[in-house]
Amino acid sequence: MSENISRTLYQSLWNSADILRSKMDANEYKSYLLGLVFYKYLSDKMLLKASNLLELETDDVNQAQENYEAAYKDDELHEDLVEAVKDDVAYIIEPKLTFTALVAKIHKGVFQLEDLAQGFRDIEQSSDIFENLFEDVDLYSKKLGATPQKQNQSISDVMKELAQLDIAHEGDMLGDAYEYLIGQFASTSGKKAGEFYTPQPVSELMTRIVLNGKENQKGFTAYDAAMGSGSLLLNVKKYSNETGTISYFGQELNTSTYNLARMNMILHGVDMANQHLHNADTLDQDWPTDEPTNFDAVLMNPPYSAKWSADKGFLDDPRFSMYGVLAPKSKADFAFLLHGYYHLKDNGVMAIVLPHGVLFRGNAEGKIRKILLDNGAIDTVIGLPANIFFNTSIPTTIIVLKKNRSTKDVLFINASKEFEKGKNQNLLKAEHIEKILKTYIERDDVNKYSHLASFVEVKENDYNLNIPRYVDTFEEEEPIDIVGLGKEILSLNNEIEEAEQSFLTMLDELEVTDESKDIIEATKEVFR
């Protein structure tokens, strides 16, 4: 993919957003834009595949539309074509409802929103994979316009802008652009962004930690029980050398965000057979319960200090039973952590982002933390800078957990001062990520940055994992040179006295009038 094409892709997507930006906030118009991008992708992909099946292969989507229309109308070809296309892409769109056909209607002035709505329904009904995928795209919302004509015009304008994109041929670039859009929506959606997006630098760091040494592993399995838009899971694809064999398992409570993750997976070219996504409450009911239930990597950025039921019945739940207590109702942080840890393979690695409170809070959380440490489960604690997430400005920590470790020591990394200050958010740059990874892998002490604490040391600190207890970042002030400071003060006093005398001399030289006499005398009095 050339840089010019990349710029065109991103610019066209953002121009499309501009059409809707004045009508609604980012958290709302993202559903329209991302949904329409996805519909075009599915439509173009189907048209090119149909031409290929007809042995009329072409890279021109308009030519592919003509080929598809002709074959679809042919009584001898119709049934075989529809069956072959559905077998290949798992859905079918009538020729008159493809994105290409609808844009042609827009240019002719005969486009109707109902045609697009029918196209959405046809895809959703083609397979369970696409069920309810477009339910958040309300084509008849008053926010698009007060009248049906204005609603029609708003969607038409977006579709005309998107029609310029050669979506079907841009492979992973489209997936990356989609991810870029999600990030842009997150940056302008404030706290709501925390529901669906983990910034890419944090995703990269966590993914590279769990993949370390396993980049060439075939059949790698990754699980995120609070997956949002799926960005954490999809980063595994970026850093694995066996991308076609990765299986992705993810669960998300918010239905809109769950649909976003499904689209994101497809646009990143993840095979349907390798996607295992679920829309439900992770803590309320365990999932997955059918094999596989344990995974090579667990990646999580759950909602911080969320409320949950903490019902006593959960004490019998195998995810929590061995700890004897439950995470508090007002802070589900450890409930998410224990859920993820329960689903980790014996030789797997888990990385979870949580607020610092989990490192030192007492009562039930303190008891859970003690058991985890007694079992050697907590491998590394990484302190991140403040204000690097869209949904909170507080500093956060990545906790790395493993099973069956031969030691119970804990590596502490204080990366809280390693960032580049941005306009709205602080940024983890490549050099910051590399430094953290190098320290994590080498597991050494680095002055004022990291410390490998023995289990004895952790016990002596009453199982408190607050990072400043282990990594001293205090910078001593340089000693004051009293003699030098005294000389500087004397020199300044002399300069002030000389300036005063010079000023008084100037006053004496002034021509005195009846009006200025009192002012000059009063000024001299100040310096006497």
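1. H5 itself covers residues 99-108, and its buried residues are Phe 99, Thr 100, Ala 101, Leu 102, Val 103 and Ile 106. Just after H5, have a look at Gly 109, which takes a positive phi of about 80 degrees.

2. Bear in mind as you read that this is a predicted model. As for the overall picture, the chain has 17 helices and 9 strands, and 51% of its 528 residues count as buried. Among contacts with a separation of 6 or more, 73% come from residues 24 or more positions apart. The chain exposes about 25,400 Å², with carbon and sulfur atoms supplying 48% of that.

3. Next stop, Tyr 258, which sits in helix H11 (residues 255-267). Is Tyr 258 buried or exposed? Its relative accessibility is 15%, so Tyr 258 counts as buried, the cut-off for that being under 20%. Leaving out residues up to four places away in sequence, Tyr 258 touches Met 227, Glu 252, Leu 277, His 278 and Asn 279. The C-alpha atom of Tyr 258 is also 9.1 Å from that of Leu 133, although the two are 125 residues apart along the chain.

4. On to the salt bridges, of which the count is 21. One of them joins the side chains of Arg 21 and Asp 18, at 1.8 Å from N to O. Both belong to helix H1 (residues 3-21), and because they are 3 residues apart there, about one helical turn separates them. Arg 21 is partly exposed at 29% relative accessible area, and Asp 18 is partly exposed at 39%.

5. Lys 345 and Asp 296 make another salt bridge, at 3.3 Å from N to O. Lys 345 is in strand S5 (residues 344-355) and Asp 296 in strand S4 (residues 295-300), so this pair ties together parts that are 49 residues apart in sequence. Lys 345 is partly exposed, at 28%, whereas Asp 296 is buried, at 2%.

6. Finally, Arg 443 and Asp 409 meet in a salt bridge at 3.3 Å, N to O. This pair links distant parts of the chain, 34 residues apart: Arg 443 is in the loop between helix H14 (430-442) and strand S9 (450-453), and Asp 409 is in the loop between strand S7 (396-402) and strand S8 (410-414). Arg 443 is buried at 18% relative accessible area, and Asp 409 is buried at 14%. Which residues do shared partners join into one network? They are Asp 379, Lys 402, Arg 405, Asp 409 and Arg 443.

Key
Residues are numbered from 1 along each chain as its sequence is written. This is a predicted model: local features need pLDDT of at least 70, side-chain atom pairs count only at pLDDT 80 or more; totals for chains, interfaces and linings use all residues. Side-chain values use heavy atoms; hydrogens and water are left out. Helices (H or I, at least four residues) and strands (E, at least two) are DSSP runs, numbered from the N terminus. Buried means under 20% relative accessible area, exposed over 50%, partly exposed in between (1.4 Å probe, protein chains only). Contact means heavy atoms within 4.5 Å. Accessible areas come from the Shrake-Rupley method with a 1.4 Å probe; for residues, only the protein chains shown count as cover. A salt bridge is a side-chain nitrogen of Lys or Arg within 4 Å of a carboxyl oxygen of Asp or Glu.
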